[in-house]
Structures are given as structure tokens and as C-alpha cells.
Amino acid sequence: MLALISGTGALPAAVLHALPQRPLVCALDGFTPEIAPDVTFRIERLGGFLNDLKARGVTQICMVGSVRRPQIHVSAFDLATLRLVPTIWRSLRKGDDGALRGFIAVLEQRGFQVIGAHEAAPDLLPPAGVLTKTQPSQLHHADALAGVAQLTLMGAADLGQACVIRQGTVIASEDDAGTDAMLGRLEATAKAAILFKGPKPNQDRRADLPVIGPRTVANAAAAGLAGIVIEADGVMVPDLAGVIEVLDAQGMFLWVRPKGAA
């Protein structure tokens, strides 16, 4: 049996609709996912929550959507979670990627198989190639290489999964506010630039795999970008048809770039 731990955003609903049967939908207390959860839980009662999943027959867990780091109240820990406290605290001190790795480790230690959203719903990964009528130029190919280099630097610092490149120069990098906020801060210097998005180097792809959707495309168009480049097998596109429709209407391109491409 599969349990879907849902965060916010459109991705959880897209994954849910792509599955052959409804999983057990769970959500962290205090979040409001677009799909109604069957179970809510608190980090302070994680041990009891995992015991409940075991009792329900859950063997696989898929984490989907974005979450904020919750406030933790030590007085609220239940007995089943106390033994996990050292692991939880160590994980929370290691940045977002470290926290996710620590959470996955806890799940695996309790006997669950953790799978990525792209494994549960592989159709959310678009095929490699240029999927729009408009094609990237040779300058955009060079900008994509600069984007790869920038994401490597950002990944080492555990900061974001997207950047904007124009003529080989990084003009914006994603921070904790997200891709749409980054695009909203752009000015006229973004004209003819590209949005480059991909997973962090060495990222555990079972959690926090990047996503683009119509909203991001609309923001990229408003900023005057020439197109979007995403890493093949590394970025999910829940509404691919809608994304392509908007890009074609704007004369922009979507290049699903194989890793290591020139």
C-alpha cells in the first residue's frame, strides 16, 4: 500500500490523478494541500504516525509538494518519537536537502520504501528534446551550459534549483522564495534570457524534484524570457500540454535538455 505525504502546490493532485488507485493521503499539520488528506500528523508525533501507517498496511511512501520547516515544540513529543529526536535535530541543522535526507533515512529505518513522485507517476517527466514550435538558438545553448555551472554552485550551497541566464551571465538565482518570486523580481535585463531549472547535483531525487507549470511559464513570459531549459528526467511538468500551449502562443521555447548535452 502507498502513502502519499502531500505538501502544497499543484503537484500532489497531479500525482494523485496519475495513480491507478488512490493512496492514503497524509499531510503535515498546519499545511493546506489542494487534495484532502486522510491523515494529518505532527513532526513531534512522527513515531506514532509511522506506527499508524504500519498498522494500516503501508509499505511505500511518496513525498510530494512543497513544505515549510515546521516549528517544533519539545513538550509535544510522544514516546514513539523521542528515540528519533537526535536524528531529527541533526537533519534540521543540515539545510533543506539535509533535512529531507534525514527524513528519508528515518522512514527507511522504520522499514518503508521511499519512492519519488517521478517513480510513482513517470508520465510527469516530459520527453527529451525541444517540445515547442520555437527552437533555441546557439546562444541559448551556450546559456544552458552557464546554467548548469550556476546550478552546481547553488547546489553546493543548498540554494535553489533555478536561475536566469542572458548571454552567458547569471542575472538571477532562485532562493527560498522560489522560482516565481525570482521571475517577479526581474527587470528589462531579462529580455531574451532563459530560465534554467534542474535538480541539485547529488540531490536525492525521491524528494523535492523541481517542477514547472503554467504559472511559471506565464511569469517567464511576463519577464520577457526567450524560453525555458529544464534537465531531462530531472524536472516534472504536471500540465505539459498547457505549458506548451502558453509557450507556443508567446513564441517561446521549452527545451528538455539531456544531462551532458552540448
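Predicted model: local features only at pLDDT ≥ 70, side-chain atom pairs only at ≥ 80, totals over all residues.
Which residue just after α10 takes a positive phi? The residue is G251, with a phi of about 70°.

The secondary structure of the protein consists of ten helices and eleven strands. The protein has 262 residues, and buried residues make up 50% of them.

Helix α10 spans residues 240-250. Its buried residues are G242, V243, I244 and L247. An α-helix has 3.6 residues a turn, so residues three or four places apart point the same way. The cover over the buried residues of α10 includes both helix and strand elements: among them are α9 (214-222), β10 (227-231) and β11 (253-257). G251, with its positive phi, follows just after this helix.

Another part of the chain to examine is helix α6, which comprises residues 117-120 and contains H118. Is H118 buried or exposed? H118 counts as buried because its relative accessibility is 15%, and the cut-off for a buried residue is under 20%. When residues up to four places away in sequence are not counted, H118 touches L125, R205, L209 and M236.

Definitions and conventions: Residues numbered from 1 in each chain as written. Heavy atoms only, no water. Helix = DSSP H or I, 4+ residues; strand = E, 2+ residues; numbered from the N terminus. Buried < 20%, exposed > 50% of the residue type's maximum accessible area, 1.4 Å probe, protein only. Contact = heavy atoms within 4.5 Å.
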